[in-house]
Amino acid sequence: QVTTLESLATPEYDLLLQDIHSHLTTKIDETINIALVGHEPYLGELTAYLLTGDPEGVRLHVKKASFIELSGELVAGKMQLTQLTPYSTYKHSLNHL
């Protein structure tokens, strides 16, 4: 399911998590996988927030068109980074589709 959320365009990460939860069919404490798409600085800050509970808890260098996958409980500080792939890594695969 692809959902566009206006709250992604702001650094209000607690409100964003509430917005995401309102669109999910899973329970809050259930393990999920999510893919994040966005722009810096919010994308890196949101990822850090989900990993550490603090938007500045870890500094990620997220290049344009990178793919980020997280898994775990969708709560600040409870998710794990499962994949951070820069576009340069997967662009060749796209040409073969």
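At 1% relative accessibility, Thr-47 counts as buried (buried means under 20% relative accessible area, exposed over 50%, partly exposed in between, with a 1.4 Å probe and protein chains only). Thr-47 sits in helix 2, and eight of that helix's eleven residues are buried, so helix 2 is largely enclosed by the rest of the structure. Helices (H or I, at least four residues) and strands (E, at least two) are DSSP runs, numbered from the N terminus.

Keep in mind that this is a predicted model, where local features need pLDDT of at least 70, side-chain atom pairs count only at pLDDT 80 or more, and totals for chains, interfaces and linings use all residues. Residues are numbered from 1 along each chain as its sequence is written, and side-chain values use heavy atoms, with hydrogens and water left out.

**Helix 2, the enclosed one**

- The buried residues here are Leu-43, Gly-44, Leu-46, Thr-47, Ala-48, Tyr-49, Leu-50 and Leu-51.
- Their cover includes helix 1, strand 1, strand 2 and strand 3 (79-85).
- Back to Thr-47: setting aside neighbours within four places in sequence, Thr-47 is in contact with Leu-36, Leu-60, Ile-68 and Leu-70 (contact means heavy atoms within 4.5 Å).
- Just after helix 2 comes Gly-53, with a positive phi of about 90 degrees.

- Helix 1 (residues 13-23) has Tyr-13, Leu-16, Leu-17, Ile-20 and His-21 as its buried residues.
- Those residues cover an arc of only 135 degrees around the axis, which puts them on the same side of helix 1; the arc is that of the directions from the helix axis to the C-beta atoms.
- An α-helix has 3.6 residues a turn, so residues three or four places apart point the same way.
- Asp-14, Gln-18 and Ser-22 are exposed on the other side of helix 1.
- What do the buried residues of helix 1 pack against? They pack against helix 2 (42-52).
- At that meeting place, Tyr-13, Asp-14, Leu-16 and Leu-17 of helix 1 touch Tyr-42, Glu-45, Leu-46, Tyr-49 and Leu-50 of helix 2.
- The axes of helix 1 and helix 2 come within 11 Å and cross at roughly 80 degrees; axes are lines fitted to C-alpha atoms, for helices over the stretch in contact, and angles run from 0 to 180 degrees between N-to-C directions.
- Helix 1 and helix 2 are therefore roughly perpendicular to each other (65 to 115 degrees, with angles under 35 counting as roughly parallel, over 145 as roughly antiparallel and the rest as oblique).

**The nonpolar core**

- Of the 18 residues in the largest nonpolar core, Ile-34, Leu-36, Leu-50, Leu-70, Leu-74 and Met-79 touch the most other members. A nonpolar core is a set of buried Ala, Val, Leu, Ile, Met, Phe, Trp, Tyr and Cys residues joined through side-chain atoms within 4.5 Å.
- Helix 1, strand 1 (31-36), helix 2 and strand 2 (67-73) are the elements that give two or more residues to this core.
- Helix 2 supplies the largest share, five residues.
- Leaving aside neighbours within four places in sequence, Met-79 is in contact with Ile-32, Ile-34, Leu-50, Leu-51, Leu-70, Ser-71, Gly-72, Glu-73 and Leu-74.

- Three strands form an open sheet in the order 1-2-3, with antiparallel pairing; two strands pair if DSSP finds at least two bridges between them.
- Strand 1 and strand 3 are the edge strands, each pairing on one side only.
- From one strand to the next, the twist averages 20 degrees.
- How many bridges join strand 2 to strand 3? Six do, and the two strands run antiparallel.
- Among the facing residues, Ile-68 stands opposite Leu-84 in strand 3, and Phe-67 has Thr-85 in strand 3 as its bridge partner.
- The hairpin of strand 2 and strand 3 has five residues between the strands, and Gly-77 takes a positive phi near 85 degrees in this hairpin.

- Glu-73, in strand 2, is partly exposed, with a relative accessible area of 25%.
- The C-alpha atoms of Glu-73 and Ser-93 are separated by 30 Å, and these residues are 20 apart along the chain.
- Val-37 lies in the loop between strand 1 and helix 2 and counts as exposed at 71% relative accessibility.
- Val-37 and Glu-6 are 31 residues apart along the chain, and their C-alpha atoms are separated by 13 Å.
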